[in-house]
Amino acid sequence: MDKIKNFHVLDHPLIQHKLTIIRDENCGTREFREVVNEIAELMVYEVSRDMPLEEVEIKTPVSKTTQKRLAGKKVVVAPILRAGIGMVDGVLELIPSAKVGHIGMYRDEETLKPHEYFVKMPDQLEDREIIVVDPMLATGGSAIMAVDALKKRGAKRIKFVCLVAAPEGVEVFAKAHSDVEIYAASLDDCLNEDGYIVPGLGDAGDRLFGTK
């Protein structure tokens, strides 16, 4: 795959170590859920590196001083349902004041095409930074449709964060939304005939919630 400017792999050793834990088929539901949130927390630390700051005057126990704090409207974390929910708490650990929106998508198992069924977001999206989270970027269809839904509602600053990505999904998503930065913990090998990422980590939703 040719280098895509808006795609980034976060290869921090802790992220890679924890990703190996959840790839293992013997990782149980509780551990899977906990480690997914831990990875999300580590990733959002990097993803938030370019957030805007403003100067404010405060008084410490010693003296008055001018320091920095996050500027603008509160961040929005927007999970793609249902698996994206598994990454929300990790983001909120570092950005506890963030608002939470929800984007409901399901994939037709025959056509592999996504269908939108629910979108609920905070107001003033045009003034907020939005972090869309979903453990998988497979075919790219759900991610593209989710960002389409946000842009229709006025969103301008969007980032997409996933755990594992397939080259096929990265290419189509980057082409559809070249203005959206994509962050993944891993770029995997390919998609199989069923549309699953190889080696991947299986069905993230089922593994998060203990369903089949």
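Author: Gladly, and please keep in mind that this is a predicted model. A place to begin is aspartate 179, which counts as partly exposed because its relative accessibility is 46%.

Reader: Which residue forms a salt bridge with aspartate 179, and how far apart are the closest N and O atoms?
Author: The partner is lysine 151, and the closest N and O atoms of the two are 2.8 Å apart. The pair links distant parts of the chain, since lysine 151 belongs to helix 4 (residues 141-152) while aspartate 179 sits in the loop between helix 5 (167-176) and strand 11 (181-187), 28 residues apart.

Reader: And lysine 151, what does it count as in terms of accessibility?
Author: Lysine 151 has a relative accessibility of 29%, so it counts as partly exposed.

Reader: How many salt bridges does the structure hold?
Author: There are 12 salt bridges in the structure. One of them is formed by glutamate 54 and arginine 69, with 2.9 Å between the closest N and O atoms. Glutamate 54 lies in strand 2 (residues 53-59) and arginine 69 in strand 3 (residues 64-70), so this pair ties together parts that are 15 residues apart in sequence.

Reader: What about the accessibility of glutamate 54, and of arginine 69?
Author: Glutamate 54 counts as partly exposed because its relative accessibility is 30%, and arginine 69, at 48%, also counts as partly exposed.

Reader: Which side chain does lysine 68 meet in a salt bridge?
Author: The side chain of lysine 68 meets that of glutamate 55, at 3.9 Å from N to O. Here too the pair links distant parts of the chain, with lysine 68 in strand 3 and glutamate 55 in strand 2, 13 residues apart.

Reader: Are lysine 68 and glutamate 55 buried or exposed?
Author: Both lysine 68 and glutamate 55 are exposed.

Reader: Switching to the strands now: in which sense do strand 6 and strand 7 pair, and over how many bridges?
Author: Strand 6 and strand 7 (residues 114-120) pair in the antiparallel sense, over 6 bridges. Within this pairing, histidine 102 stands opposite lysine 120 of strand 7.

Reader: And strand 4, how does it run relative to strand 6?
Author: Strand 4 (residues 76-81) and strand 6 (residues 102-107) run parallel, joined by 2 bridges. Leucine 81, for instance, has glycine 104 in strand 6 as its bridge partner.

Note on methods: Residues numbered from 1 in each chain as written. Predicted model: local features only at pLDDT ≥ 70, side-chain atom pairs only at ≥ 80, totals over all residues. Heavy atoms only, no water. Salt bridge = Lys/Arg side-chain N within 4 Å of Asp/Glu carboxyl O. Helix = DSSP H or I, 4+ residues; strand = E, 2+ residues; numbered from the N terminus. Buried < 20%, exposed > 50% of the residue type's maximum accessible area, 1.4 Å probe, protein only. Pairing = 2+ DSSP bridges.
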